[in-house]
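The sequence and structure come first, and the description follows.

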Amino acid sequence: MEANLTMVYDQIIARNPGEAEFHQAVREVFDTLGPVMARNPQYTEAAVLERICEPERQIIFRVPWQDDQGRVQINRGFRVEFNSALGPYKGGLRFHRSVYLGIIKFLGFEQIFKNSLTGLPIGGGKGGSDFDPHGRSDGEIMRFCQSFMTELARHIGPNTDVPAGDIGVGGREIGYMFGQYRRITNRYDAGVLTGKGLTWGGSLVRTEATGYGLVMFTQRMLQTRGLDFAGRRIAISGSGNVAIYATEKAQEFGGEVITCSDSAGYVVDEAGIDLDLLKQVKEIERGRVSDYAMRRGSSAKFVPGGSVWDVPAEVALPCATQNEVREDDAVTLLKNGVKAVAEGANMPCTPGAIAAFSKAGILYAPGKASNAGGVATSGLEMQQNASRDSWSFEYTEDKLADIMANIHDTCSETAAEYGHAGDYVMGANIAGFIKVADAVIAQGLI
Ligand code: NDP
């Protein structure tokens with residue numbers, strides 16, 4: 001990192017103590033911005049970096065609710081409205097026991113650049129709670145969501161801040177939150193949340209969008225080296241929304257997806273993941289990947305506690321959570337002949353893993369580019385809500401494909417322009433940053 005950037009980075013660490021994931025996300029961006037800052041002295045004069053790294057607003061609130069035994073439970077809710085230079089704050093809500101301010105800030109920070117890359121008029125934000133939905137009844141989930149929205153409602157709106165799902169927040173949770181928002185405000189503001197059900201303002205393809213978009217991006221990236229998905233072994237981690245629809249699209253492109261995982265372990269299925277069974281277990285029964293292995297028969301094996309990256313594959317798509325691919329995993333993947341790694345999750349590769357991929361010269365796509373299909377389709381949902389229209393699956397999927405191709409090409413061209421052809425991290429960070437930085441300056445000191 002250049003000296004001027006190090007100075008700003010050190011200030012950010014000092015101002016935000018104990019937020020390791022936020023520091024990591026900022027560092028990853030700063031490591032690539034040297035050439036941009038050198039070419040654009042106005043960014044330094046206007047303190048653009050300092051301004052982009054300081055959220056416009058950080059909201060932390062109490063979420064009281066009652067469990068099925070009648071006990072009072074208290075969780076903490078967050079919404080970080082990071083940057084609205086390009087449009088209303090936009091980014092998901094995460095319900096997971098690990099959530100604290102540092103995680104929401106890392107996600108919100110990445111979201112600024114990701115949203116900028118989509119080409120849509122959306123700013124960056126993120127939120128969530130340390131609520132753990134595992135093992136909670138439907139009634140408990142509903143009461144939690146209602147309480148969470150009771151506070152959040154006063155901060156959001158279709159032209160202000162538009163949350164969506166993330167880990168632990170899917171269609172069911174969005175439904176409970178939308179219902180409560182409507183009740184509190186007495187307004188049918190369909191555009192206040194995305195990821196809604198199809199009969200009440202949702203968009204076709206939104207459910208599939210992050211996973212589909214990831215595979216579309218990866219296919220285009222593979223093509224730059226004359227490769228594609230057909231006939232290749234694909235390792236995918238996670239078994240939630242992103243993992244399931246990445247598996248679906250990778251299979252459609254002829255790939256052999258042989259893994260899935262959750263926080264208890266991974267499954268390797270040499271016959272290829274049976275997607276109908278995985279959807280039944282995860283989406284309908286809300287079960288575990290070990291249940292999938294038990295029901296699948298002899299082709300599938302569940303490995304408790306192991307690393308899914310031990311399974312040899314040519315393409316690896318981490319789709320679970322941050323820092324799930326460590327340096328030693330990267331070394332194993334490379335030893336086993338991996339040719340491309342593309343992030344479905346946010347920041348799933350540690351800096352050590354990224355350095356190993358880069359040194360080996362394989363294709364590597366950072367999440368802010370490769371998983372942007374979800375938020376892009378949320379942007380399309382907002383467009384449909386604003387015009388009271390609903391588009392067909394094919395039309396919406398074509399738009400998603402165009403957006404992913406554009407993001408890919410923008411990253412690739414920007415990296416080349418700055419003398420780092422093939423470096424998607426440089427390309428994504430620089431292209432995402434310049435648009436936001438120019439808008440921040442144009443709008444004055446606010
Ligand atoms: P889901 O809640 O649907 O699924 C998350 C999956 O990851 C589950 O299989 C979960 O297993 C696993 N997982 C979570 N935490 C861990 C952990 N600490 N160790 C191992 N496995 C873990 O979430 P999504 O699929 O929506 O999100 C997955 C990733 O994709 C996240 O990083 C998210 O930020 C990112 N993303 C999501 C988008 C979306 O549209 N949904 C858009 C862009 C990025 P378990 O049940 O055991 O916890």
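## Terms and model

A residue is called exposed when its relative accessible area is over 50%, buried when that area is under 20%, and partly exposed in between. The structure described here is a predicted model.

## Helix α1

The face of α1 that points away from its buried side holds the exposed residues Ala3, Met7 and Ala14. The buried residues of this helix are Leu5, Val8, Tyr9 and Ile12. They lie on the same side of α1, because the arc they cover around the axis is only 100 degrees. The cover over the buried residues of α1 includes α2 (20–30), α3 (34–39) and α5 (48–52).

Helix α1 runs over residues 3–15 and has 13 residues, so at 1.5 Å a residue it should span 18 Å. Its end C-alpha atoms are 19 Å apart, which agrees.

## Helix α8

Helix α8 (residues 171–185) has 15 residues. From first to last C-alpha it reaches 21 Å, close to the 21 Å expected at 1.5 Å a residue. Glu173, Ile174, Met177, Phe178, Gln180 and Tyr181 are the buried residues of α8. Viewed down the axis, these buried residues fall within an arc of 165 degrees, so they line one face of α8.

Elements covering the buried residues of α8 include β3 (89–95), α7 (138–152) and β5 (161–164). Asn186 follows α8 and has a positive phi, near 55 degrees.

## Packing of α6 against α18

How do helix α6 (residues 101–118) and helix α18 (residues 424–442) pack? Their axes are 8 Å apart and form an angle of about 85 degrees. Angles of 65 to 115 degrees count as roughly perpendicular, and α6 is therefore roughly perpendicular to α18.

On the α6 side, the contact is made by Ile112, Phe113, Ser116 and Leu117. On the α18 side, Ala428, Ala431, Gly432, Phe433, Lys435 and Val436 take part. By class, the contact of α6 with α18 has seven nonpolar, two polar and one charged residues.

His408 is placed in helix α17 (residues 393–417). With a relative accessible area of 3%, His408 is buried. Neighbours within four places in sequence aside, His408 is in contact with Phe217, Arg220, Met221, Thr224 and Tyr424.

Thr396 is also found in helix α17. Its relative accessible area is 0%, so Thr396 counts as buried. Apart from neighbours within four places in sequence, Thr396 is in contact with Ser203, Leu204, Val205, Thr377, Leu380 and Trp391. Thr396 and Lys335 are 61 residues apart along the chain, and their C-alpha atoms are separated by 39 Å.

Glu256 belongs to strand β7 (residues 256–257). Its relative accessibility is 42%, so Glu256 counts as partly exposed. Leaving out neighbours within four places in sequence, Glu256 is in contact with Gly231, Arg232, Arg233 and Ile234. Glu256 and Gly272 are 16 residues apart in sequence, while their C-alpha atoms are 5.7 Å apart in space.

Asp269 is found in strand β9 (residues 265–269). Is Asp269 buried or exposed? Asp269 counts as buried because its relative accessibility is 0%. Beyond neighbours within four places in sequence, Asp269 is in contact with Ile258, Asp274, Tyr292, Arg296, Ser299 and Ala300.

## Positive phi in two loops

Ala47 is not a glycine, yet its phi is positive, about 50 degrees. Ala47 is found in the loop between α4 (41–45) and α5. At 23% relative accessibility, Ala47 counts as partly exposed.

Arg388, which is not a glycine, has a positive phi of about 50 degrees. Its place is the loop between α16 (373–386) and α17. Arg388 has a relative accessibility of 77% and therefore counts as exposed.

Key:
Residues are numbered from 1 along each chain as its sequence is written. This is a predicted model: local features need pLDDT of at least 70, side-chain atom pairs count only at pLDDT 80 or more; totals for chains, interfaces and linings use all residues. Side-chain values use heavy atoms; hydrogens and water are left out. Helices (H or I, at least four residues) and strands (E, at least two) are DSSP runs, numbered from the N terminus. Buried means under 20% relative accessible area, exposed over 50%, partly exposed in between (1.4 Å probe, protein chains only). Contact means heavy atoms within 4.5 Å. The expected span of a helix is 1.5 Å times one less than its number of residues. The arc is that of the directions from the helix axis to the C-beta atoms. Axes are lines fitted to C-alpha atoms, for helices over the stretch in contact, and angles run from 0 to 180 degrees between N-to-C directions. Angles under 35 degrees count as roughly parallel, over 145 as roughly antiparallel, 65 to 115 as roughly perpendicular and the rest as oblique. Ala, Val, Leu, Ile, Met, Phe, Trp, Tyr, Cys and Pro count as nonpolar, Asp, Glu, Lys and Arg as charged, and the others, Gly among them, as polar.
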